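Here's a quick briefing on how the pieces of this fold sit together. Have a look at the model first, then go through the notes below.

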Amino acid sequence: MKMKASGHQCPFCHPGIRKYIYYEADGYLAVVNIAPVLPGHSLIIPEHHKTSITSLDAKELQLFMQVAQKATYILMKAFGTDAFDWSVQEKPEAGQSIEHLHMHIVPRMKNDLEKPGDWYPLVHQNDHEIIDSMNRPELGPDDLKSIVDKLKEVAGNIES
Ligand SMILES: [Zn+2]
């Protein structure tokens, strides 16, 4: 599939995002980050374009958090850890450059980074990397597919 380098298309509304989904429920998606800062780095996004967590009503907020919790559980099982970071940036002054609500989930391992807090500057830049990645031929599609398949399998085992 060819992706056009148009700067205006929302990468999270792009149909190409669907192949990175490993769990979805009630209009919220857990997707593998195409430019991960660490293995398993995922994003929780509403399926339809919404810009802010503050625009969700009580029910939507509950569904968003439930999908985030479920995805975290899947990641913890898949990576054999119980450590993770969550982060949401909103508005450019907070580091957001994709204006589609997204929560980062980053599984953590002992000594995965020099200092535990080093993940944050990496996540802060991540939107730009996603936009760049969507605008060029896919990077490591086999690696991405294998992680998506692994997480789907874990998700299936948890559900059954
Ligand atoms: Zn969007």
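β4 and β5 pair in the antiparallel sense, joined by six bridges; strands count as paired if DSSP finds at least two bridges between them. Keep in mind that this is a predicted model: local features need pLDDT of at least 70, side-chain atom pairs count only at pLDDT 80 or more, and totals for chains, interfaces and linings use all residues. Residue numbers start from 1 along each chain as its sequence is written. Helices (H or I, at least four residues) and strands (E, at least two) are DSSP runs, numbered from the N terminus.

**The sheet**
- Valine 88 stands opposite methionine 103, which belongs to β5.
- Five strands make up an open sheet in the order β1-β2-β3-β5-β4, with antiparallel pairing.
- β1 and β4 (83-88) are the edge strands, each with a single partner, so one side of each has no neighbour in the sheet.
- From one strand to the next, the twist averages 20 degrees.

**Helices on the sheet**
- α1 packs on the sheet and touches β1, β2, β3 (42-46), β4 and β5; a contact here means C-beta atoms, placed from the backbone, within 7 Å.
- The direction of α1 makes about 20 degrees with that of β5. Axes are lines fitted to C-alpha atoms, for helices over the stretch in contact, and angles run from 0 to 180 degrees between N-to-C directions.
- α4 lies across β1 and β2, at about 40 degrees to β1.

**Helix against helix**
- α1 (residues 58-79) and α4 (residues 141-159) pack at an angle of about 110 degrees, their axes 9 Å apart.
- That makes α1 roughly perpendicular to α4, a label for angles of 65 to 115 degrees.
- On the α1 side the contact is made by Tyr73, Ile74, Lys77 and Ala78, and on the α4 side by Lys150, Leu151, Val154, Ala155 and Ile158.
- By class, this contact of α1 with α4 has seven nonpolar, no polar and two charged residues. Nonpolar means Ala, Val, Leu, Ile, Met, Phe, Trp, Tyr, Cys or Pro; charged means Asp, Glu, Lys or Arg; the others, Gly among them, are polar.

**Positive phi in loops**
- Aspartate 26, in the loop between β1 (21-25) and β2 (28-32), has phi near 50 degrees, a positive value in a residue other than glycine.
- Asparagine 111, in the loop between β5 (103-108) and α2 (119-124), has phi near 60 degrees, again positive without being glycine.
- Why does asparagine 111 count as exposed? Because it has 7 C-beta neighbours inside 10 Å, and exposed means 12 or fewer.

Key: A residue is buried if 20 or more other C-beta atoms lie within 10 Å of its own, exposed if 12 or fewer, and partly exposed in between; C-beta atoms are placed from the backbone. Angles under 35 degrees count as roughly parallel, over 145 as roughly antiparallel, 65 to 115 as roughly perpendicular and the rest as oblique. Two residues are in contact if their C-beta atoms, placed from the backbone, lie within 7 Å.
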